[in-house]
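Visitor: I would like to go through the structural labels and hear what each one rests on.
Guide: Here is the structure.

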Amino acid sequence: MDCCLDSALWCFIPLYLLLHFLCFIFADADFTLLWAGLLGHRPENKLRGLVVWVTGASSGIGEELAYQLARCGSRLILSARREDELNRVKRGCLESSDLQDEDIRVLPLDLLERTSHEGKTKAAIQYFGHIDVLINNGGRSQRSLCMETSVDVYQALMELNYLGTVSVTKQVLPHMTQRGSGSIVTVSSIVGLAGAPLSTGYSASKHALQGFFNSLRTELTDYPNILISTVCPGPVQSNIVHNAFTEELNKPMPAAGNQEHKMPTSRCVRLMLVGITNGVKEMWIAKQPFLLFYYVWQYTPTLAWFMTNMMGRKRVQNFKAGLDADSAYFTKPKTS
């Protein structure tokens, strides 16, 4: 009997590992998040009626968050600098959901104007009476080489991506601790976990966010019903590349390149909502080979440095060839 049991275990273990390997090849998120999507709560059930404040809601991931949250029945506060774009997103939310006009508040917000954040937070709380979820999504990326980049660009990235996010968080957090519940979800990046060329300043700002929110999470152990979650997407189809900083503050990106190889924004946002609903503290969201990159950095950093050098060299080559930096890692770039 024991022999049969041992034989069965020896057969089961390789099959189990093979199944996980095959799943990983086609995976687009970490296993914790994927299992939550299969076996956990559905956003449509858990997010209905909650008040969600989304920064950076005028385009990209923030815009898609607004649409999907509206379809889930969440009441929304939409913030970004461009009020006209926020109104456009609001109209889209109303057209695609059962929400009424009073269920969505447009609240213009500039992350750089930190003295205004207290008043904006009070206005947000006053409108609905409370905030259940804050999604820190506002920020800008970078596409430039370090030696060519002005220090002013680095300062702007830290002021916007890091200090702006921390400022809004610090205004909302006392409200959540007083209520004893809430969720603060911050969109970081794959480069918040590992560096990448062309993104030295952007990566630094995202590393800062990772350090801040990982530390904040440990300070809030007396508040088990407050979720601190960071989202680390890989390349996603959005406007973040179009709006990226270059080597000078006011110099625009010449061209963003083809975005088709990247993860659709709708899929990224769906996974984010699954993670929020199920209390996932850190989400890795990316198509292969980027998802593999997360795991290699986590478990075999020496190998990760080799991969970083190989992929980083290709990233710079793509950039110099006028392509999207994250395209064609394993083929020669075609410029015509």
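Visitor: What makes strand β1 and β2 a pair, and in which sense do they run?
Guide: The model is predicted. A pair needs at least two bridges; β1 (residues 51-55) and β2 have 5 bridges, in the parallel sense, so they count as paired. In one of these bridges, Val52 has Leu76 in β2 as its partner.

Visitor: How do you know that β2 also pairs with strand β3?
Guide: By the same cut-off of at least two bridges: 3 bridges join β2 to β3 (residues 104-106), and these strands run parallel. Leu78 stands opposite Val106 in β3.

Visitor: Why is β2 called largely enclosed?
Guide: Buried means under 20% relative accessible area. In β2 (residues 75-79), 4 of the 5 residues are buried, so the rest of the structure largely encloses the strand.

Visitor: What is the span of helix α8 set against?
Guide: The reference is 1.5 Å a residue, which gives an expected 28 Å for the 20 residues of α8 (residues 200-219). From first C-alpha to last, α8 reaches 29 Å, close to that value.

Visitor: Which residues of α8 are buried, and what covers them?
Guide: Among the buried residues are Tyr202, Leu209, Phe213 and Leu216. The cover includes β4 (133-136), α7 (151-179), β5 (182-187), β6 (226-233) and β7 (282-285).

Key:
Residues are numbered from 1 along each chain as its sequence is written. This is a predicted model: local features need pLDDT of at least 70, side-chain atom pairs count only at pLDDT 80 or more; totals for chains, interfaces and linings use all residues. Side-chain values use heavy atoms; hydrogens and water are left out. Helices (H or I, at least four residues) and strands (E, at least two) are DSSP runs, numbered from the N terminus. The expected span of a helix is 1.5 Å times one less than its number of residues. Buried means under 20% relative accessible area, exposed over 50%, partly exposed in between (1.4 Å probe, protein chains only). Contact means heavy atoms within 4.5 Å.
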